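Trainee: I'm new to this one. Could you walk me through a few features?

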Amino acid sequence: FTGDFHAIGSANNLLAALIDNHIYWGNEAGIDPRRITWRRCLDMNDRALRSIVSSLGGIGNGFPREDGFNITVASEIMAILCLATSYEDLERRLAAIVIGATRHKNPVRAGAFKAEGALAALLKDALKPNLVQTLENNPAFVHGGPFANIAHGCNSAIATKLALKLSDYVVTEAGFGADLGAEKFFDIKCRQAGLHPDMAVIVATVRALKFHGGMAKGDLEGSDAGAVRRGLPNLWRHVSNINRFGVPSIVALNRFRSDTDEEIQTVIDGCHAIGVKAIVCEHWSNGSRGAEDLARAVA
């Protein structure tokens, strides 16, 4: 809603156009068209564009080659935007993008044909965090969103560091579970940005634990404390993963209407057994009041 995705997509596709244009006008960098790894992107799921042949239609359109489209958030430029700490750092990272290889399999970077300046110009406003507010008028920065399965799954380092200058407490999310997003948050974002988290909140649900315990997806509305108990090792593993980073953790149990008291207590007891506290949260129905206990426990 801020135009950041459009800027990232434009920069991504500008680089793709520059690659083809560089090859058309002599290919000084020696790019092997068969080894180009940089793909175009658009903010839409369209399987027909995953793999295509580009530059058809005659000599004036360049050299035909295999190409394809990624979804915008999967662009490397999204990840770069979220790790950059300044305009200078952004430009340096853009220049380091590997777009393909030569016939001798040597990597070719965007800086080889001076693409970084034009790309950075398109991203000059997108680098600024977006200040929005929650339904209860609390400030929040919404900035960036690289996928955690192919990138690091965290919002921008600039937004987090800015928030730390403006507030006593900052909550930031690492996408996916503690076996992927959290590890990338600690290993990549925290190291790159010099962040030192004081606490990790692991979000869990009874429904997910029942599913991990072998309950069929269509039956998750039903009560089954046994399935919850069988699914607890999955949650324990997430807690164990966080403990490896030396950060204290707490479990936020996001309660659904179908959850029974017995199932909730099973999770609380299971967490207590491994020395971690579980707090029941009902913010989905009660707003911030439903998460006050969690906030106090974290503080």
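Mentor: Happy to. Let's start with a residue in a strand: the bridge partner of L253 in β11 is V280. Keep in mind that this is a predicted model.

Trainee: In which sense do strands β10 and β11 pair, and over how many bridges?

Mentor: Residues 249-254 form β10 and residues 278-281 form β11; the two pair in the parallel sense, over 4 bridges. Together with helix α9, residues 261-273, they make up a right-handed β-α-β unit.

Trainee: Is S55 buried or exposed? And N137, buried or exposed?

Mentor: S55 has 16% relative accessibility, so it counts as buried. N137 is exposed, because its relative accessible area is 56%.

Trainee: How many aromatic pairs does a search of the whole structure find?

Mentor: The search finds 3. One of them is Y24 with W25, edge-to-face, 5.1 Å centre to centre with 80° between the planes. F186 and F245 form a stacked pair, at 4.4 Å and 15°.

Trainee: Where in the chain are F186 and F245?

Mentor: F186 is in helix α6 and F245 in the loop between α8 and β10, 59 residues apart, so the pair links distant parts of the chain. F186 is buried at 11%, while F245 is partly exposed at 28%. Ring pairs also bring in F185, making a cluster with F186 and F245.

Terms used. Residues numbered from 1 in each chain as written. Predicted model: local features only at pLDDT ≥ 70, side-chain atom pairs only at ≥ 80, totals over all residues. Heavy atoms only, no water. Pairing = 2+ DSSP bridges. Right-handed = clockwise from strand over helix to strand, strands pointing away. Buried < 20%, exposed > 50% of the residue type's maximum accessible area, 1.4 Å probe, protein only. Phe/Tyr/Trp six-rings, centres within 6.5 Å; stacked < 30°, edge-to-face > 60°.
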